[in-house]
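Hi,

Here is the structure I promised to pass on. Have a look at it first, and then read on for what turned up in it.

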Amino acid sequence: MSEHYLRELDELMGKSEWKMYQAIPVEEIGWVNAAHHLSYAKWREYLKRQIAKTNSQSPKITYIMYLKDYPIGVAKLKFCPGESDNVCEVAYCVRPVCRGSGLSKVMLELLKKEASKRGHKKLIGRAHVRNVASRKTMESCGFNLVERENLSPNKCAYEITL
C-alpha cells in the first residue's frame, strides 16, 4: 500500500478518525465540518449516516486520506443530480496541522483516480473566492476555472475531464 491512500468510510473507523474530525474547524472558507464538536458516540452515529449516503438516491462517498496510518483529511465524491451520470463533484479538507505540505494536492489526485475507477468522466470542484490555497490546488491538479449557472457570487467553479 502506498504511503498515502484513501479509505472509504466504514464502521471500523474509530478514535483516530474522530480526533481528525475534531481537529478540522467547524466552518472554514467554503467547508462545513458537521462532525466537529460531536462526542465520540454521536460521531459514531454521524459515521453511520454518512456511510448510508453511499447507497442513497443522490450518492455521496466520503473517504479519509491517510499518511501511513495517520488520518490527515476528509475527501468526498458527490454524484450531481441533473448532471450526466459520468459527472461528480469533489470536496476535500486537510486537518490544519497537515496543511502547507502538498497533501491536499495528493488527496485531490487520489480522488481523481478513484472517480476514474468508478467510471466518472468529469469532476467539478468549487471553492470560495477567498480560498486561494484550494483554488491553486485544483489548478495544479489540472482543473480549469469555468462559468457555472446557479453558483453563488462568492464561489468559483472548476472542472476537469478525466
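The largest pocket has a lining of 43 residues, and those nearest its centre are Gly 30, Trp 31, Ala 91, Tyr 92 and Arg 126. Keep in mind as you read that this is a predicted model. The volume of this largest pocket comes out at about 1,000 Å³.

Where does the lining come from? At least two residues each are supplied by the strands β3 (31-32), β5 (70-79), β6 (87-94) and β7 (122-128), and also by the helices α2 (40-52), α3 (103-117) and α4 (132-140). β6 gives the largest share of the lining, with six residues.

Now for the helices, which are worth a look in pairs.

Take α3 and α4 to begin with. Their axes come within 9 Å and cross at roughly 50 degrees. An angle between 35 and 65 degrees counts as oblique, so α3 and α4 are oblique to each other. The crossing in which α3 passes α4 is right-handed. On the α3 side the contact is made by Ser 104, Lys 105 and Leu 108, and on the α4 side by Thr 137, Met 138 and Ser 140. Sorted by class, this contact of α3 with α4 holds two nonpolar, three polar and one charged residues.

The other pair is α1 and α2. Helix α1 covers residues 15-23, and its axis comes within 11 Å of that of α2, with a crossing angle of roughly 95 degrees. Angles of 65 to 115 degrees count as roughly perpendicular, which means that α1 is roughly perpendicular to α2. Which residues meet here? From α1 there are Lys 15, Glu 17, Trp 18 and Tyr 21, and they meet Tyr 40, Trp 43 and Tyr 46 of α2. By class, the contact of α1 with α2 has five nonpolar and two charged residues, and no polar ones.

Cheers

Conventions. Residues are numbered from 1 along each chain as its sequence is written. This is a predicted model: local features need pLDDT of at least 70, side-chain atom pairs count only at pLDDT 80 or more; totals for chains, interfaces and linings use all residues. Side-chain values use heavy atoms; hydrogens and water are left out. On a 1 Å grid over the protein atoms alone, a cavity is a set of points where a 1.4 Å probe fits but cannot get out, and a pocket is an open set with protein on both sides within 12 Å along at least five of seven lines; lining residues have an atom within 4 Å of a point. Grid points are joined across faces, edges and corners, and a volume is the space filled by probe spheres set on the points. Helices (H or I, at least four residues) and strands (E, at least two) are DSSP runs, numbered from the N terminus. Axes are lines fitted to C-alpha atoms, for helices over the stretch in contact, and angles run from 0 to 180 degrees between N-to-C directions. Angles under 35 degrees count as roughly parallel, over 145 as roughly antiparallel, 65 to 115 as roughly perpendicular and the rest as oblique. A crossing is left-handed if the near helix is turned anticlockwise from the far one by less than a right angle, and right-handed if clockwise. Contact means heavy atoms within 4.5 Å. Ala, Val, Leu, Ile, Met, Phe, Trp, Tyr, Cys and Pro count as nonpolar, Asp, Glu, Lys and Arg as charged, and the others, Gly among them, as polar.
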